[in-house]
Amino acid sequence: MKFDQDAFKSHIRLAMARCRLVHSKVLAASRAARSSIADLLNADRLDSARIKTRLVIRDDYLAEAVEQLECYLDDLLHGANIIVHSKTGHCIDETIRPAVAAVIYAQPRVEVPELALVRDDLVLKFGRDFCNVAVNNTDNVVDGRFCLKL
């Protein structure tokens, strides 16, 4: 199989649209949970309120991560020419390396099915070795703050 620039760009656009959808869904669930926390506190159910609060914090982290992921996808979309002109299986240009690594790292951790298509395109271009390094973050190629949010 060969790397196709047009398919790659369309996969990125699809993933960005799904990220926006997931982001709004997580924020809506977080808003609903916040109001239920207030009800739990009014009813003197502190343990349940603490648990819900942890879930809301987790959802806020996820929303931030998905928003950052969308920015990384946008970087890939604008850097598509750099990706196309780089040699297959060779070093990744340092300007797009963080975005490539973050997208590959996030794919199994975020419920965005279109990311699998983008990851497959990146694996075709840069090889399975870099993909394994990025998924496991063995060389700290992914931003630490981004990793913590996921």
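Me: Contact here means heavy atoms within 4.5 Å. Which residues does His23 touch, not counting residues up to four places away in sequence?
Reply: The model is predicted. His23 lies in helix α1. Beyond the excluded sequence neighbours, the residues that His23 touches are Ala63, Val66 and Glu67.

Me: Is His23 buried or exposed?
Reply: Buried means under 20% relative accessible area. His23 has a relative accessible area of 19%, so His23 is buried.

Me: Which residues touch the most other members of the largest nonpolar core?
Reply: This core has 43 residues. Elements giving two or more residues to it are α1 (5-42), α2 (46-78), α3 (80-85), α4 (97-106), α5 (114-126), α6 (128-136) and α7 (144-149). Another core, of five residues, lies apart from it, with Ala33 and Ile37 among them. In the largest core, the residues touching the most other members are Leu73, Leu122 and Phe146.

Me: What does Leu122 touch, not counting residues up to four places away in sequence?
Reply: Leu122 is one of the residues that touch the most other members of the largest nonpolar core. With those sequence neighbours left out, Leu122 touches Phe8, Leu76, Ile83, Val100, Val103, Ile104 and Gly127.

Me: How many disulfides does the count come to?
Reply: A disulfide needs a pair of cysteine sulfur atoms within 2.5 Å. The closest cysteine sulfur to that of Cys131 is in Cys147, 14 Å away, so it is too far for a bond. Cys147 is likewise in no disulfide. The count comes to zero.

Me: What is the relative accessibility of Cys131?
Reply: The cut-off for buried is under 20%. Cys147 is buried, with a relative accessible area of 14%. Cys131 also counts as buried, at 4%.

Key
Residues numbered from 1 in each chain as written. Predicted model: local features only at pLDDT ≥ 70, side-chain atom pairs only at ≥ 80, totals over all residues. Heavy atoms only, no water. Core = buried A, V, L, I, M, F, W, Y, C linked by side-chain atoms within 4.5 Å. Buried < 20%, exposed > 50% of the residue type's maximum accessible area, 1.4 Å probe, protein only. Helix = DSSP H or I, 4+ residues; strand = E, 2+ residues; numbered from the N terminus.
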